[in-house]
Amino acid sequence: MEPQNLAPSIPSLVSPTLAKLCISNSVNFEWTASVDAENNPIVYQLQIATDNVFTQNVITKEISTPTHTETLEKGKAYYWRV
C-alpha cells in the first residue's frame, strides 16, 4: 500500500497588499513559501485577472519560487491569487 501524499501548506499573500495602487507597470508579487511534509517539490500557480472571480485571467503561470515580477498595464485594476 502506497503512503498517502499530504498537500503542502497553503501560501498566504504578502505583496502587493489589498487595494494597493501601483504607479509602476512592473509589479512584484510575493507570498509565503509553502512547506511539504514529504519534501516534494512545490510549484505555485500565480493567477492575475481583471475581475475578482478570476474568469478574465490575463496571466496564469507556474512558478517554483514564492516571488515573481510581472509587467502589467498602468491604470488598470487587477486581482491576483496563488
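In which loop is the place of Phe54? The place of Phe54 is the loop between S3 and S4, strands here being DSSP runs (E, at least two residues), numbered from the N terminus. This is a predicted model, in which local features need pLDDT of at least 70 and side-chain atom pairs count only at pLDDT 80 or more, while totals for chains, interfaces and linings use all residues. Residues are numbered from 1 along each chain as its sequence is written, and side-chain values use heavy atoms, with hydrogens and water left out.

**The sheet**

- An open sheet is formed by three strands in the order S4-S3-S6, with antiparallel pairing, where two strands pair if DSSP finds at least two bridges between them.
- Because S4 and strand S6 (79-81) stand at the edges with a single partner strand each, one side of each is left without a neighbour in the sheet.
- On average, and with direction ignored, neighbouring strands of this sheet are turned by 10 degrees against each other, the axes being lines fitted to C-alpha atoms and the angles running from 0 to 180 degrees between N-to-C directions.
- Strand S3 (residues 44-49) and S6 run antiparallel and are joined by three bridges, and Trp80 in S6 is the bridge partner of Ile48.

- Lys61 belongs to strand S4 (residues 57-63), and at 33% relative accessibility it counts as partly exposed, a class between buried (under 20% relative accessible area) and exposed (over 50%), with a 1.4 Å probe and protein chains only.
- Glu70, in strand S5 (residues 67-71), is buried, with a relative accessible area of 12%.
- The side chains of Lys61 and Glu70 are joined by a polar contact of 3.1 Å, that is, a pair of N or O atoms within 3.5 Å, of which, within protein, one must be able to donate a hydrogen and the other to accept it, while residues adjacent in sequence count only if both atoms are side-chain atoms.
- A further polar contact, of 2.7 Å, joins the side chains of Glu70 and His68.
- Leaving aside neighbours within four places in sequence, Lys61 is in contact (heavy atoms within 4.5 Å) with residues including Tyr44, Leu46 and His68, and Glu70 with residues including Phe29, Ile48 and Ile59.

**Loops and backbone**

- Phe54 has a positive phi near 60 degrees although it is a residue other than glycine, and at 15% relative accessibility Phe54 counts as buried.
- Asn39, in the loop between S2 and S3, has a positive phi of about 60 degrees without being a glycine, and counts as exposed at 70% relative accessibility.
- The peptide bond from Ser15 to Pro16 is cis, with omega near 0 degrees, and Pro16 lies in the loop between strand S1 (13-15) and strand S2 (26-31).

Notes:
Helices (H or I, at least four residues) and strands (E, at least two) are DSSP runs, numbered from the N terminus.
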